Amino acid sequence: MATDHPVETALPGIFYRRPSPDAPEYVQPGDTVSEGDTLGLIEVMKSYHEVTATVAGTVKEFLVENESEVQPGDSLAIISAD
C-alpha cells in the first residue's frame, strides 16, 4: 500500500519548479523520483536552495504553483511511496 509523504519547505521565499525560465520543470506529477532528487528551488534574497525528494516514489501532485511565495512548514508536493 502506497503512503503519501508531503515535501515541506524550511525556508521562506519563492518556489520555482524549474532551474530557469526557459528550462523544463525538474519533475512533473507522475514522475518517479529517488530520495534526494531535485523537485524545485526556493529563492531567498537572490540565493537559491534546492528542494529535494524526502523519499523515493512517484510525485503525486504539487500543492503550490511555480513562482509562489512559500513559508516555513508549507507543503510543496506530495510523493507517493510504496
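Trainee: Is threonine 9 buried or exposed?

Mentor: This is a predicted model, in which local features need pLDDT of at least 70 and side-chain atom pairs count only at pLDDT 80 or more, while totals for chains, interfaces and linings use all residues. Residues are numbered from 1 along each chain as its sequence is written, and side-chain values use heavy atoms, with hydrogens and water left out. Buried means under 20% relative accessible area, exposed over 50%, and partly exposed in between (1.4 Å probe, protein chains only). Threonine 9 has a relative accessible area of 7%, so threonine 9 is buried.

Trainee: Where in the chain is threonine 9 found?

Mentor: Strands (E, at least two residues) and helices (H or I, at least four) are DSSP runs, numbered from the N terminus. Threonine 9 lies in a loop, and that loop is between strand S1 (3-8) and strand S2 (13-16).

Trainee: Which backbone oxygen does the side chain of threonine 9 reach?

Mentor: A polar contact is a pair of N or O atoms within 3.5 Å; within protein, one must be able to donate a hydrogen and the other to accept it, and residues adjacent in sequence count only if both atoms are side-chain atoms. At 2.9 Å from the threonine 9 side chain is the backbone oxygen of leucine 11.

Trainee: How many salt bridges are there?

Mentor: A salt bridge is a side-chain nitrogen of Lys or Arg within 4 Å of a carboxyl oxygen of Asp or Glu. Side chains of opposite charge can pair when their charged atoms come close. Under the rule just given, the count is four.

Trainee: Which residue meets lysine 60 in a salt bridge?

Mentor: Lysine 60 is partly exposed, at 46% relative accessibility. The N to O distance in the salt bridge is 2.7 Å, and the partner is aspartate 4.

Trainee: How many residues apart are lysine 60 and aspartate 4?

Mentor: Lysine 60 is in strand S6 (residues 57-62) and aspartate 4 in strand S1. The pair links distant parts of the chain, and the separation is 56 residues.

Trainee: Which residues are linked with Glu25 in a network of salt bridges?

Mentor: Glutamate 25 pairs with arginine 17, the closest N and O atoms being 3.0 Å apart. Glutamate 25 also meets arginine 18, at 3.3 Å, N to O. The residues linked with Glu25 in the network are Arg17 and Arg18.
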